[in-house]
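Let's go through this predicted model by asking what stands behind each label.

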Amino acid sequence: MIPALFDYVAPDSLEEALSALAEAGDEAKVLAGGQSLLPVLRMRLNAPEKVVDLRRIPGLTDITEDGDAIVIGSMATHADVIVNPLVREHVLLLSKTVAEVADPQIRHRGTVGGALVHADPAGDVGAAALALDAEFVIAGPGGATRTVGAADFFVDLFETAVGEGELLTQVRIPKHTGWGAHYEKFVRVKHQWSIVAVAATVRVDGGIIAEARIGLTNMGSTPLRATSVEEALVGKAATEDAVREAAASAADGTNPPSDLNGDSAYRKHLATVLTRRAVLAAAGA
Ligand SMILES: Cc1cc2nc3c(=O)[nH]c(=O)nc-3n(C[C@H](O)[C@H](O)[C@H](O)COP(=O)(O)OP(=O)(O)OC[C@H]3O[C@@H](n4cnc5c(N)ncnc54)[C@H](O)[C@@H]3O)c2cc1C
């Protein structure tokens with residue numbers, strides 16, 4: 001199908017983009033890489049009067065270091081993030097997770113910011129951002145900015161803390177330098193959306209897991225943190241038996257969907273299996 005008619009603007013500055021959004025109110029839509037928005041427009045699931053393209057705004061693709069954080073511009077593409085040396089050194093989990101998003105073509109157009117704001121529960125990036133305690137910098141009317149922690153960013157299915165007239169500008173991720181990381185994604189065929197996936201990053205000291213962070217994909221309407229597993233792993237040897245025991249509670253408190261790929265009970269079982277695999281791989285065991 002062909003999208004409904006809309007006005008298109010590509011402002012040269014953040015201020016102009018925010019003004020364009022303010023003028024159009026709830027009739028505006030932000031365009032980043034277009035990999036999720038364009039299918040939505042083509043299927044006429046949304047018919048905005050104005051599309052505000054962010055690609056000409058300087059600085060939004062930057063990936064920089066700021067003290068204890070790596071700062072990722074919302075328009076950095078998945079491909080930019082995967083190969084970036086700062087990301088690989090300090091937040092390896094993000095690089096490994098983003099490498100599992102879709103296929104190379106989509107990773108070269110789609111942005112990390114777009115994926116996070118789109119907030120598809122089967123999308124991969126959210127689980128890593130949540131596990132890594134990311135902070136989200138949001139610009140609003142008049143240029144005012146606010147910062148929202150990962151626990152408050154993902155509100156519901158396709159809904160985040162980014163409101164009408166606002167833009168996600170940066171994602172700030174605390175450095176996890178020296179931590180092992182792995183994203184275990186379960187799909188029937190390569191490049192599919194996650195049926196379930198687990199993002200795990202661990203700090204191992206002398207064969208013992210000293211700290212662990214685990215995010216779950218597609219186990220509810222938002223990415224979820226497997227805190228009981230994180231707690232159970234601390235102080236345990238990075239061995240198959242110990243990790244299996246800790247991973248047994250991975251699905252506690254989750255409410256995964258049932259669909260043609262698997263019912264809710266199957267996804268809960270998968271979560272425990274994938275958590276064990278992800279943690280062992282992250283620990284290098
Ligand atoms: C065939 C296919 C397979 C895919 N497979 C996967 C997969 O396996 N895993 C996965 O995680 N993703 C997958 N995706 C989605 C892909 O990762 C997209 O790149 C991502 O969801 C959206 O990023 P984008 O930059 O293209 O955003 P857009 O499509 O441009 O925007 C997405 C939404 O976010 C809003 N938005 C974007 N940026 C901002 C911003 N800075 N501030 C405020 N609002 C903003 C837009 O208004 C829109 O509502 C797939 C997409 C396709 C088409």
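Q: What makes α7 stand out in the shell around the ligand?
A: Its share: α7 gives the most to that shell, with 4 residues. Along with β2 (28–31) and β10 (167–174), α7 (112–118) is one of the elements that each supply at least two shell residues.

Q: Which residues of the shell are closest to the ligand, and how many surround it?
A: 28 residues surround the ligand, and the closest are V30, Q35, L37, T111 and D124.

Q: How much of the ligand's accessible area does the protein cover?
A: 89% of the 970 Å² that the ligand has on its own.

Q: How do the shell residues divide by type?
A: There are 13 nonpolar, 12 polar and 3 charged residues around the ligand. Gly goes with the polar ones in this scheme.

Q: What do we know about the second largest pocket?
A: Its volume is about 170 Å³. It is lined by 13 residues, and those closest to its centre are A32, G33, G34, R55 and R109. The lining splits into 4 nonpolar, 6 polar and 3 charged residues.

Q: How do you know that the length of α12 fits its residue count?
A: At 1.5 Å a residue, the 19 residues of α12 (residues 264–282) should span 27 Å, and the end C-alpha atoms are 26 Å apart, so the two agree.

Q: Which residue with a positive phi follows α12?
A: That's G284, with phi near 70°.

Conventions:
Residues are numbered from 1 along each chain as its sequence is written. This is a predicted model: local features need pLDDT of at least 70, side-chain atom pairs count only at pLDDT 80 or more; totals for chains, interfaces and linings use all residues. Side-chain values use heavy atoms; hydrogens and water are left out. A residue is near a molecule or strand if one of its heavy atoms lies within 4 Å of it. Accessible areas come from the Shrake-Rupley method with a 1.4 Å probe; for residues, only the protein chains shown count as cover. On a 1 Å grid over the protein atoms alone, a cavity is a set of points where a 1.4 Å probe fits but cannot get out, and a pocket is an open set with protein on both sides within 12 Å along at least five of seven lines; lining residues have an atom within 4 Å of a point. Grid points are joined across faces, edges and corners, and a volume is the space filled by probe spheres set on the points. The expected span of a helix is 1.5 Å times one less than its number of residues.
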